[in-house]
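Please go through the charged pairs, the core and the backbone of the model shown here.

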Amino acid sequence: IVVCVVIFVIGVVMNRTDPSNPGSPAWLYMILIAVTLAVAAIPEGIPLCVTISLSIGCSDMVTKNVLVRKLAAVETLGSASVICSDKTGTLTEGKMTLVNMWSGGVAYDVEGKGFDPTVGGIAREGTSKDAGGDMGVRSALLAALLCCNTSLSKVKDPETGEEKWEPKGNSSEAPLVVAARKIGFDEGITKEYKRVLEIPFSSSRKMMLTVTDVSGRSELCKGGMPLREGTELLSVCKGAPNFILDFCTEQLMQDGSVAPLTEADKKAVLDVVDAYSSKALRVLAIATRAFGSMPFDTEDEDLTTDQKFEACRKNLRLVGLVASIDPDRDGVPESVLAAREAGIRVVMITGDYLKTAIAIARNVNILQAQDDEAISAVDCARLRPDGKYLPNEQMDLLTSSVRVFARAKPEDKLEIVKSLQR
């Protein structure tokens with residue numbers, strides 16, 4: 001009681017007023033403080049004080065458009081020391097635009113922003129000459145279309161009444177569909193190619209695969225890569241470059257010929273991927289394989305999806321690379337800085353390529369100038385160097401200093417969170 005009286009006198013002398021109501025008298029505010037301290041000093045009053053404090057926290061969060069259903073959640077949020085976040089759609093807008101391409105050793109720039117296919121075109125890097133007719137461009141984009149489930153159409157904005165282009169489907173496929181429309185592939189082009197098999201993208205496979213009927217064709221499309229005699233089916237893989245390159249044995253050249261893909265060639269392609277990724281671009285590789293017939297017994301009902309996938313992804317031909325930019329979501333860099341100032345470490349866990357993840361992390365302030373990339377950003381393969389996860393002690397030591405985890409599988413995310421909780 002004596003301590004509470006002393007605090008009351010000191011507060012009044014120092015004219016301490018309610019921060020939420022500066023116009024109120026100091027003595028009234030200090031009476032509330034003194035009574036609160038007196039109640040808190042008695043054990044029976046602690047639950048009441050805690051409940052009131054948490055209720056005030058709920059009220060403050062409501063003013064920031066955050067609905068809290070359970071009071072205990074406020075305490076949990078207040079004790080958070082690490083925030084783990086995905087990248088696409090969370091730190092970024094999830095609205096990607098194709099800005100670069102590569103095929104047959106030639107780099108291309110893709111002009112135009114947003115989803116309007118009538119704006120912009122494709123030109124060789126450093127030039128303004130239209131390259132929409134280049135074999136590599138047409139082959140890569142049509143192959144990509146054959147491995148997409150996304151459509152593009154005009155819709156009317158309910159607020160303004162204006163028509164705008166809007167994709168329906170996967171955000172990673174939308175820029176490929178837009179770019180294909182820019183070079184003249186209309187909406188119904190894929191209806192000319194019957195799809196006979198689809199194996200969807202998964203976090204473990206890191207790619208999507210389709211098999212399309214191309215019987216009776218001598219080339220993939222008008223101006224596209226030639227198809228060897230006897231080709232009935234075409235397998236197309238679209239996904240992470242470093243995963244797809246592992247299964248490529250040949251590559252499409254600028255003139256339409258095919259050349260072996262050596263280890264030196266793979267390194268050169270990965271250098272292109274690194275260059276794009278360092279500009280915060282998300283890079284996908286497009287690869288194909290021609291068949292005379294399905295490489296597995298279509299009558300065998302015991303075959304699993306993974307077995308069919310393994311049969312169709314062998315001896316692929318690299319057709320090209322496509323690189324899209326995904327803008328940072330408004331307010332994210334400021335939110336990350338606010339979390340840092342509050343002593344909360346923000347960690348990004350993404351399935352993207354390491355260079356892309358680092359570039360995005362720099363943009364949104366997860367990685368800052370003083371952070372060493374070699375320590376603060378890792379590929380999740382380091383978590384399981386021999387196929388098995390590191391022992392708890394080594395895992396905890398690694399996760400305690402890392403802010404960016406790239407090429408993460410779903411099970412990696414679980415192990416990282418478990419480590420952080422320890």
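Q: Is aspartate 352 buried or exposed?
A: The model is predicted, and burial is judged here from relative accessible area, with under 20% as the cut-off. Aspartate 352 has a relative accessible area of 6%. Because that value falls under the cut-off, aspartate 352 is buried.

Q: With which residue does the side chain of aspartate 352 meet in a salt bridge?
A: The N to O distance of the pair is 3.1 Å, and the rule asks for a nitrogen of Lys or Arg within 4 Å of a carboxyl oxygen. Aspartate 352 lies in the loop between strand S14 (345-349) and helix H11 (354-363), and its partner, 70 residues apart from it, lies in strand S12.

Q: How many residues apart in sequence are the parts tied together by arginine 422 and aspartate 396?
A: These two residues form a salt bridge, with the closest N and O atoms 2.9 Å apart. Arginine 422 is in the segment after helix H14 (410-421), while aspartate 396 is in helix H13 (residues 392-399). Aspartate 396 is partly exposed, at a relative accessible area of 23%. The parts tied together are 26 residues apart.

Q: Which helix holds both lysine 267 and aspartate 271?
A: The side chains of the two residues meet in a salt bridge of 3.5 Å, N to O. Lysine 267 is exposed at 55% relative accessibility, whereas aspartate 271 is partly exposed at 40%. They are 4 residues apart, about one turn of the helix, and that helix is H8 (residues 263-277).

Q: What gives the most residues to the largest nonpolar core?
A: This core has 42 residues, and those touching the most other members are Leu98, Met101, Ile122, Leu141, Leu142 and Phe185. Elements that each supply at least two residues include strand S2 (97-103), strand S3 (106-110), helix H6 (174-182) and strand S13 (316-325). The top contributor gives 7 residues, and it is H5.

Q: Is lysine 206 buried or exposed?
A: Lysine 206 is in the loop between strand S7 (194-199) and strand S8 (207-213). Its phi is near 65°, a positive value in a residue other than glycine. At 4% relative accessibility, lysine 206 counts as buried.

Q: What is the relative accessible area of asparagine 15?
A: Asparagine 15 has a positive phi of about 60° although it is not a glycine. It is found in the loop between helix H1 (2-13) and helix H2 (26-41). The cut-off for an exposed residue is over 50%. Asparagine 15 is exposed, and its relative accessible area is 52%.

Q: Which residues form a negative surface patch?
A: One member is aspartate 302, placed in the loop between strand S12 (281-291) and helix H9 (305-312). Aspartate 302 counts as exposed because its relative accessibility is 68%. Patch members need over 30% relative accessible area and no salt bridge. The patch is formed by Asp297, Glu299, Asp300, Glu301 and Asp302.

Notes. Residues are numbered from 1 along each chain as its sequence is written. This is a predicted model: local features need pLDDT of at least 70, side-chain atom pairs count only at pLDDT 80 or more; totals for chains, interfaces and linings use all residues. Side-chain values use heavy atoms; hydrogens and water are left out. Patches are made of residues with over 30% relative accessible area and no salt bridge: like charges are joined within 9 Å, nonpolar side chains (Val, Leu, Ile, Met, Phe, Trp, Tyr) within 5 Å. Accessible areas come from the Shrake-Rupley method with a 1.4 Å probe; for residues, only the protein chains shown count as cover. Lys and Arg count as positive and Asp and Glu as negative; His and the chain ends are not counted. The place of a charge is taken as NZ of Lys, CZ of Arg, CG of Asp or CD of Glu. Buried means under 20% relative accessible area, exposed over 50%, partly exposed in between (1.4 Å probe, protein chains only). A nonpolar core is a set of buried Ala, Val, Leu, Ile, Met, Phe, Trp, Tyr and Cys residues joined through side-chain atoms within 4.5 Å.
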